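Trainee: I would like to work through this model one feature at a time. Please start with a single residue and its surroundings.

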Amino acid sequence: MEKRLRFHWSLSQAGDTFRKSKSLNTQSGVANIEAQIALCQRAEECGIDSMLMAIGFTRPDPMLLSLMLAQKLEKIKFMVAVRPGLISPTLFVQQINTLSCLVNGRVHINVVSGRSPQEHKYYGDFLNHDQRYERTAEFLAICNAFWQEEEEVNFQGNFYKIEKGKINTPFISPETSYPEIFLGGNSDRAAEIAGKYADCLWRFPDAPEKLQPQIQTVLAQGKEVGLLVSLITRPTQEEAIAAAQTLIERFGDKTKEVVREFHKQSDSEGFKSVFALSQNEQSHWITPYLWTGAVPYLGAPAIALVGSYENIAKAMMEYKAIGISQYLFMGWPDMEEMTHFAQGVKPLLGSVVTDS
């Protein structure tokens, strides 16, 4: 069955549009609640499915923040990020199930194996990249066992041991008996785990012809693949390119050095590969619409679809043809890009868009 396109948006920049250009140690973990509520309200109006609730030492706890915001909004869902090394899988399922009861099931999960060994150590997590993915597989196997309503959960692995596990708080939703699970990662192991335990793999984009063979493992398992990508779209191609150029003109070499230092410390395959693409001195354009020009200033998630409404819609249909069915967007500022997308691009996608 053909998947309809669905759209999500990152909440991480609301109230601090260019936070990614700052050193991690200077980024505030205190949320701008008014700005976040305003962006969520706009997302509801624009037919966005969910807001990504990111995790990390520079942010508030995503579970608690989601609960608070859900009380202020009616339709939007919250994609709560989790790092398996920070919490017991049993307790996590109990917390997500409790959250579902309190927000009428408006919750997804974004599983993040991690990208910064240094930050992981803040939380007492000293595993390397490959070990973290192995732990993620065990974490999701246990979570899924609880959500499949097994009478009791028993598990023996290298990282977790669960004996006669029970949770008496069910996942409550008018649509499903378990949360939709998104898993982030560009590695082969991430694709393998997503195909087995998740509903959708998030990964950074590339040219469709290069991306297609890399996502077949997931699609063959009947799962979805989505792109984590920024967005700059305007009525004309010239306006979009001008907006992209204006964006990077505000930054300088100091910002580049901040981003370069972060990428040196990251062991994420996706982050490293996108940053490497951005160092191509001949061109920042991977395709006529996929641009890496902002990556040196705002990090790997700043790889962006740039173009007119018609060209962005065309690009998304090209990705759909190879199996891409979901998008996690961010923009500068998010409110403006979300409005451009909803009013200019989304109508051109017609019946391939999911009902909002």
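Mentor: This is a predicted model. Leaving aside neighbours within four places in sequence, Gln-326 is in contact with Arg-6, His-8, Glu-180, Phe-182, Cys-200, Trp-202, Glu-224, Val-225, Gly-226 and Leu-227.

Trainee: Which element holds Gln-326? And is Gln-326 buried or exposed?

Mentor: Gln-326 belongs to strand S12, residues 324–330. Buried means under 20% relative accessible area. Gln-326 has 0%, so it counts as buried.

Trainee: What joins the side chains of Gln-326 and Glu-224?

Mentor: A polar contact of 3.3 Å joins them. Glu-224 is 102 residues from Gln-326 along the chain, and their C-alpha atoms are separated by 7.6 Å.

Trainee: What share of the contacts in the protein chain links residues 24 or more positions apart?

Mentor: Among contacts with a separation of 6 or more, such pairs account for 74%.

Trainee: Is Arg-135 buried or exposed?

Mentor: The same cut-off of 20% applies. Arg-135 has a relative accessibility of 9% and therefore counts as buried. Arg-135 sits in helix H5, residues 129–147. Beyond four places in sequence, its contacts include Asp-125, Phe-159 and Tyr-160.

Trainee: How should I read backbone angles?

Mentor: Most residues other than glycine have a negative phi, and most peptide bonds are trans. Look for departures from that pattern.

Trainee: What is the phi of Lys-164?

Mentor: Lys-164 is not a glycine, yet its phi is positive, at about 50°. Lys-164 is part of strand S6, residues 161–165. With a relative accessibility of 55%, Lys-164 counts as exposed. Asn-104 also has a positive phi, near 60°; Asn-104 lies in the loop between helix H3 and strand S4.

Trainee: Where is there a cis peptide bond?

Mentor: Trp-332 and Pro-333 are joined by one, with omega about -5°. Pro-333 is in the loop between S12 and helix H14.

Trainee: How many helices and strands does the protein chain have?

Mentor: There are 14 helices and 12 strands. Buried residues make up 56% of the 356 residues.

Trainee: Why does the radius of gyration of the protein chain agree with a compact globule?

Mentor: For 356 residues a compact globule would have a value near 21 Å, and the protein chain has 19 Å, so the two agree. The C-alpha trace spans about 60 × 45 × 40 Å along its principal axes.

Trainee: How far apart are the mean positions of the positive and negative charges?

Mentor: For the 35 positive and 41 negative charges, the mean positions are 3 Å apart.

Key
Residues are numbered from 1 along each chain as its sequence is written. This is a predicted model: local features need pLDDT of at least 70, side-chain atom pairs count only at pLDDT 80 or more; totals for chains, interfaces and linings use all residues. Side-chain values use heavy atoms; hydrogens and water are left out. Helices (H or I, at least four residues) and strands (E, at least two) are DSSP runs, numbered from the N terminus. The radius of gyration is taken over C-alpha atoms; the globule rule is 2.2 Å times the number of residues to the power 0.38. Buried means under 20% relative accessible area, exposed over 50%, partly exposed in between (1.4 Å probe, protein chains only). Contact means heavy atoms within 4.5 Å. Lys and Arg count as positive and Asp and Glu as negative; His and the chain ends are not counted. The place of a charge is taken as NZ of Lys, CZ of Arg, CG of Asp or CD of Glu. A polar contact is a pair of N or O atoms within 3.5 Å; within protein, one must be able to donate a hydrogen and the other to accept it, and residues adjacent in sequence count only if both atoms are side-chain atoms.
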